[in-house]
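The sequence and the model come before the discussion.

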Amino acid sequence: MAKTSTTTQGLRAAIERSGYYPALVAEAVEAAIGGETIRSYLVHQETTFDANEVRRHVTVLVLTGNRFIVSHTDEQNADTTSPTPYATTSTESVKLGRISSVVVSRVVANPESYAPGTLPREVVLTIGWGAVARIDLEPAACGDPNCEADHGYTGNSTADDLSLRVSEAGDGPETVRQALAFAQSLSEATADPTR
């Protein structure tokens, strides 16, 4: 990345540590950041097993003074559309004022003996900005067990644009710390009344 700040160098080092096409990922992220200063970041590399294939995916989250940037890179095996393996990289830039929710779920072992500051076993970070919503519907009913009337439907609409899970066992304690730090920075940025 062109900028030389400590945060930018840390982001570049984290992308390189992920070992997942670092030049490709860094170029996509740098293009999305532009000339803005990085306030916080999180790099998460995930490996999944699909039948007989191993697939890798990296997510890079970046917070600048004005935007939340999310980048995803996936690798694909050769298929009918491409005779060679390929990777797909996408970035999305979201104005901070559009972020409607930042949810941090912590899983803590032995909660009865929890001490403040203890690292959670896992963290799930869910961020919503209105691009994707999940709707769960079910038939509505009344309290009469013999009622056969149609009461329509009832349900919930949940913002579910991004959900990222990190765990101490799978990703290491440093990634869990970084996820918590990023979530706090994003929460503080979205609480700013000038946004």
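A salt bridge is taken here as a side-chain nitrogen of Lys or Arg within 4 Å of a carboxyl oxygen of Asp or Glu. The model is predicted, and five salt bridges are found in it.

| glutamate 16 | arginine 12 | 3.6 Å |

**Salt bridges within helices**

Glutamate 16 and arginine 12 are about one helical turn apart, because four residues separate them in helix α1 (residues 6–18).

Arginine 177 is partly exposed at 43% relative accessibility, and glutamate 174 is partly exposed at 46%.

Helix α4 covers residues 173–191, and its 19 residues should span 27 Å at 1.5 Å a residue; the end C-alpha atoms are 27 Å apart, in agreement. Its buried residues are Thr175, Val176, Ala179, Leu180, Phe182, Ala183, Leu186 and Ala189.

**Arginine 56 and its contacts**

Glutamate 75 is in strand β3 (residues 67–76) and arginine 56 in strand β2 (residues 53–64), so the pair ties together parts that are 19 residues apart in sequence. Glutamate 75 is buried at 15% relative accessibility, whereas arginine 56 is partly exposed at 25%. Arginine 56 also lies over the face of tyrosine 21, 5.3 Å from the ring centre.

**Aromatic pairs**

Three aromatic pairs are found in the whole structure. In the pair of tyrosine 20 and tyrosine 21, the ring centres are 4.9 Å apart and the planes meet at 55°, so the pair is tilted. Tyrosine 20 is buried, with a relative accessible area of 0%, while tyrosine 21 is partly exposed at 34% relative accessibility.

**Nonpolar surface**

Ile135, Leu137 and Tyr153 make a nonpolar surface patch of about 400 Å². Isoleucine 135 lies in strand β7 (residues 133–139). With a relative accessible area of 56%, isoleucine 135 is exposed, because exposed means over 50%.

Terms used. Residues numbered from 1 in each chain as written. Predicted model: local features only at pLDDT ≥ 70, side-chain atom pairs only at ≥ 80, totals over all residues. Heavy atoms only, no water. Patch = residues over 30% accessible without salt bridge, like charges linked within 9 Å, V, L, I, M, F, W, Y side chains within 5 Å. Areas by Shrake-Rupley, 256 points an atom, 1.4 Å probe, with all protein chains shown as cover. Helix = DSSP H or I, 4+ residues; strand = E, 2+ residues; numbered from the N terminus. Buried < 20%, exposed > 50% of the residue type's maximum accessible area, 1.4 Å probe, protein only. Expected span 1.5 Å × (residues − 1). Phe/Tyr/Trp six-rings, centres within 6.5 Å; stacked < 30°, edge-to-face > 60°. Lys NZ or Arg CZ within 6 Å of the ring centre and 35° of its normal.
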